[in-house]
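My notes follow the display.

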Amino acid sequence: MFSTTTVIAQTEVVRDQIYPQDLINLNGTLFFQPLNIVGDQLWKSDGTYSGTAMLKDLYPGTTDHTFGNQFIFQGKLYFIAGYSSQDKALWKSDGTEVGTEIVIQPFYMSDLIITNDYFYFTGAGGVTKSDGTAAGTTVITKNSLPVRGTRLTLSNNKLFYTSQDFKELWVTDGTDAGTQLVKLIVTGSDTPYGIEKMTDSNGVIYFFAADGQYGNTKKGVELWRSDGTDAGTYMVKDINPGMGSSKSSDVYANVMIAYNGNIYFNATDGTHEGLWKSDGTDAGTVLVKEGISLTPKHAITNNKFFFRGSDRHLWITNGTNEGTVLLDSAEISNLVSENIVGYNGIVYYPAADTDQQLNEDELWQSDGTPAGTFIVENIGSYSSAGDPHDLAIVDDYLYFGVRKDFALRRLKMGTGGSTGISDINKTDFSIYPNPAGNLVTLSKLPNNTFVNITDLAGKHVYSAITNTKELYINTSGFSNGVYLVQIANNGAVATKKLIVNK
């Protein structure tokens, strides 16, 4: 008998009642913090229930949770934890209880940059270099004075940053002598202009800036580039000619993403606003797609560039207008923890399918085509969504937290268009009308097709085997709501949603 567990890719519960967040992969082991357990605790998991347990209670008995900012450096996990601003500390862990210890306390960090030998950040004392030890953590100086800067960006083994007023572009190798002014972008003491957002692409730094004194900018805010020299720091193109600025009016105006030798960003030429790209030349700075903007959420996998658009939907682009395509009708959350991750050309992400009245987040996947973009599993129900968050990949498993049952779950991933749990292949079969009243028709069905309908809680409401291209189903006994229509034929399985509203 055909069952829903073989039709819809199923995730498995690793451990429930722990509400995991801040998931991260260290050397093939998953680490996280459980939000609903008293105190700041570091947990780890090998993918089994018994192997999912507390590694160390960082602050026994405390109730505030400030665990976060985790990153991997030289094979160890670093993170910030503590229960007040004075007690926050930089911790590190090698995956053992005894090897989980405080490095620096108190500790503050922003603008983290990681290299093979050091990590750099903006700390309370200024721009700081660290080898992962307290003794090896020092503030970078210039003329023996602490460097005060922000917007740290690594390019061609050089660390770029801006002065605190964003007027000057600097570069450093971590030494006093190797800390040099690259270019003064803006003159004058009172100005709204300056360097905004910096991103590396092929050893060149790109950023938005406007030169000139306050009230007398020559070109407005435009796209600039720098190779770390004065002569090599200049405006790429006056995209919005004259005094007008090309900086987009979108809330994500400062987003820049490097892909395939180009930098992608949001801009306007005064008439056309949307997604632009640049290869660092005037001629190579062009509009890609009008009316859609980048957001920080994106994933590049197998040279496919997926991004969450400003319309909250999933898009893919190859750098052309025709190749910039809307992939789904589901809305991706604004929450930082609800991220997009890529694996072998497929992305996984939480989204709410508002077109089908599924207004809460469930797990979705996409191979970069509209037909290959679909919900993986309804973990929850219409009234209580699964709400997956903090997606992380360990080996060939996708791990994530689920708010519905405070669980750590995982999904076995495959390659290509398969999840590795079931081969869900969309077909061209149609459902009409949708929403339906007392009768619905399935059309374009192959011969010898098994049809199964369940509600979102997994309750079976209808099944049949048909050898006709059209199947008429009486839905007068169905309650109003959302259902999953699943068909199977010769090992291929497809799922679509049906709304009944009588």
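I looked up burial first: of the 502 residues of the protein, 54% count as buried, meaning under 20% relative accessible area, with exposed over 50% and partly exposed in between (1.4 Å probe, protein chains only). The model is predicted, so I note that local features need pLDDT of at least 70 and side-chain atom pairs pLDDT 80 or more, while totals for chains, interfaces and linings use all residues. Residues are numbered from 1 along each chain as its sequence is written, and side-chain values use heavy atoms, without hydrogens and water.

I then listed the secondary structure and found one helix and 46 strands; these are DSSP runs numbered from the N terminus (helices H or I, at least four residues; strands E, at least two).

I turned to an open sheet of four antiparallel strands in the order E2-E3-E4-E5; two strands pair if DSSP finds at least two bridges between them. Strand E2 (20–26) and strand E5 (52–59) are the edges, each pairing on one side only. I noted that E2 and strand E3 (residues 29–34) pair in the antiparallel sense over five bridges. Asn25 stands opposite Leu30 in E3.

Finally, I examined Asp390, which is found in strand E37 (residues 388–394). Asp390 is buried yet has no salt bridge, a term that requires a side-chain nitrogen of Lys or Arg within 4 Å of a carboxyl oxygen of Asp or Glu. Which side chain of opposite charge is nearest to Asp390? I found Arg403, 5.5 Å away. The side chain of Asp390 does reach the backbone nitrogen of Asp22, at 3.3 Å.

Methods:
Lys, Arg positive; Asp, Glu negative; His and termini not counted. Polar contact = N/O pair within 3.5 Å; in protein donor to acceptor, adjacent residues only side chain to side chain.
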